Amino acid sequence: MSRTGSARSVVCVGAGPAGLLAATQIKLARPGWHVVVHERAPKDVTYGYGVVFSDAAVRTIEYLAPELGELLATQTRWDDVEIRAHGRRYRVPGHGYAALSRHRLLDALAGRAAAVGVDMRYETPTTLGELRDEYDLVIAADGAHSQIRRELAAELGATVHWGRSRFAWLGTTAGFDAMTFIFERVRDTVVVAHGYPHDDGLSTFVVEVPGPAPAPTEAGADPEPVLAEWSEVFADHLGGHRLRTNDLRWERFPVVRLRDCVYRNVVVIGDAAHTVHYSVGSGTRMALEDGFHLARSVAHHDEPASALAEYQRRRLPGVAELQSTGERSMRWFEHVPDHLRKGPAPFAVHLLTRTNGVPLSRLAEAGRLTDDATEALTGRPMPRGDVLAVPLTVGSVRLPGRLAMRTPTDAPGVVPVAVLDLADVASAADPVGSPVLAVDLGPCAADPDVERTNTLVTMDALRAADLPEGSVLAIRSVLPAAVDRPPPALLARLRALCAVDRCDLVDLAAGDDRSGVALAVALETADLVRRPLNRPVMVSGFRAAPDVVRTHLLAGRIDLWCAEPGAWP
Ligand SMILES: Cc1cc2nc3c(=O)[nH]c(=O)nc-3n(C[C@H](O)[C@H](O)[C@H](O)COP(=O)(O)OP(=O)(O)OC[C@H]3O[C@@H](n4cnc5c(N)ncnc54)[C@H](O)[C@@H]3O)c2cc1C
């Protein structure tokens, strides 16, 4: 770490977690430099209530900011997730969370910044124009709605798209002892609350109205009637306590992405550069990580320009995966009314597995959850039965279980799948006695016109096909590589083909990309088509542990899992 070079001036816009940690660490690494933080809000005024961290995030923060050690030691910790929907409550242990009031977190970070000599200036809203020529380095840590990012949108390749739900970040004195997800029906929609306790005797209570519903209140209105109304909606969960606010806003979540986070002497960090949906609770950790890594680069390079180049090269690629996870979770909450139709237990499993595969053995600790979900699948109690052995009826064909494999296979209880090209389908004669004939259409064409033509040709061929009696016709589509959400072209293809009454089973197959993200896209696509198209869905060619596949089946996300021979233990 170099401490030489001429003194420089650094300004940080925003005293949130990102700006405060960056300023503190830069001042520590470069004591001779002048480091200023501008914050538009008064000291001690904070938007929002508590922030929750996973156990892994707590360990990261302890490493990045040891000065928070004392504060982190006083966090409220808990282990369980509780899901309250359809009048039922399911509690699942083994998660490991901790939460802090945002106010105390910022207070500790600001105290440390001042103590090491950062020039803290509250109630000083500022602009890029005022700063860029005056300082050697401008750090834009001005949050998700960053004005500096907006001004440099073209230079940074910034995009912002907005979640469909509206949310308000509220608090309450009601005690929660778990990460609690509450789903209540209000008039013709479903509202969601995310409740969890933190260290100051309060609980966070984020209220979310999924889907493109009208705003529940006008922004800027007197909050009291609104709080009274929402306290009433969630009265069964608040035990007589009221909701409170420190700044009532009904917002849509901004999904912020940047191509570059550096332009000349300006670097954008924290939420200003990348947001992660609050339902995966990692935004604060990422903001602190940004501050830490930026300061490290500054410590290594006497020239700010070199420091910024290193920061951009190292930091930006690391945030993409977590952002995708956050977006998947955000989309999950936007589709809550659809998911709730699965019934209480499959819904709860679906929620718990919305971003990651979770082995069934972990859910089994939740007592009756997995039994109830199995019963929902089979229509009868089946304690400790293996969900992979539950038969699946497709039309008039009864398949013996939920695990399929490409032919040839003679594994008992496994459904053999014969994969055909479209040219073979007209003359398919059940070559190996397989009950499932999967017509492989490959990936969608990149050109929409070509894809539309291909789909029409496929529809004609399927209409003309004379298939063996008692067979299930699966339409296999290959997922494209390097996408992080269900591709619209694939959804359009599936809708068109299911309109032809020759698709008995939707088959979503891995292409070259068999990564975890690609599997997540396949599973989310399955979710989007299974109920609207009223077809069972098979996912093919990915790798997953059998116990993870079982949870996807119990969640009602897929109906069949087709493993490659040799890829199943
Ligand atoms: C409902 C909700 C719940 C959340 N829950 C969690 C959670 O449980 N766990 C978690 O890790 N994260 C959570 N987050 C995300 C977390 O709050 C953010 O990721 C984090 O605060 C980002 O830190 P930041 O420093 O980048 O920005 P911010 O904390 O937003 O700070 C930006 C600061 O810049 C100031 N500012 C803006 N413009 C100017 C200007 N022109 N001049 C001067 N100052 C300015 C603002 O006043 C603000 O103080 C949640 C977010 C929301 C919305």
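How far does a polar side-chain atom of aspartate 271 lie from an oxygen atom of the ligand? The distance between this side-chain atom of aspartate 271 and the ligand oxygen is 2.8 Å, where a polar contact is taken as a pair of N or O atoms within 3.5 Å, and where, within protein, one must be able to donate a hydrogen and the other to accept it, residues adjacent in sequence counting only if both atoms are side-chain atoms. This is a predicted model, in which local features need pLDDT of at least 70 and side-chain atom pairs count only at pLDDT 80 or more, while totals for chains, interfaces and linings use all residues. Residues are numbered from 1 along each chain as its sequence is written, and side-chain values use heavy atoms, with hydrogens and water left out.

Tyrosine 196 has a polar side-chain atom 3.3 Å from an oxygen atom of the ligand, whereas threonine 284 brings a backbone N or O atom to 2.9 Å from a ligand oxygen. On its own the ligand has 990 Å² of accessible area, of which the protein covers 90%; such areas come from the Shrake-Rupley method with a 1.4 Å probe, and for residues only the protein chains shown count as cover. The elements that give two or more residues to the shell around the ligand are α1 (17-29), β3 (50-54), β10 (159-172) and α10 (283-300), these being DSSP runs numbered from the N terminus, with helices (H or I) of at least four residues and strands (E) of at least two. Helix α10 supplies the largest share of that shell, four residues.

There are 30 residues around the ligand, and Glu39, Val52, Arg102, Asp271 and Thr284 come nearest; a residue is near a molecule or strand if one of its heavy atoms lies within 4 Å of it. By class, this shell has 14 nonpolar, ten polar and six charged residues, with Ala, Val, Leu, Ile, Met, Phe, Trp, Tyr, Cys and Pro counted as nonpolar, Asp, Glu, Lys and Arg as charged, and the others, Gly among them, as polar.

A search of the whole structure finds two cavities of 30 Å³ or more, a cavity being a set of points, on a 1 Å grid over the protein atoms alone, where a 1.4 Å probe fits but cannot get out, with lining residues having an atom within 4 Å of a point. Grid points are joined across faces, edges and corners, and a volume is the space filled by probe spheres set on the points. The largest cavity holds about 40 Å³ of space, and its lining includes Arg166, Glu208, His277 and Glu334. Strand β10 gives the most to this lining, with four residues.

The second largest cavity has a volume of about 30 Å³, and among the residues that line it are Cys261, His274, Asp290 and Arg315. Here the largest share, three residues, comes from α11, and by class the lining has six nonpolar, one polar and two charged residues.

Two single residues complete the tour.

Notes
1 Å grid on protein atoms, 1.4 Å probe; cavity = no way out; pocket = protein on both sides within 12 Å on 5 of 7 lines; lining within 4 Å.
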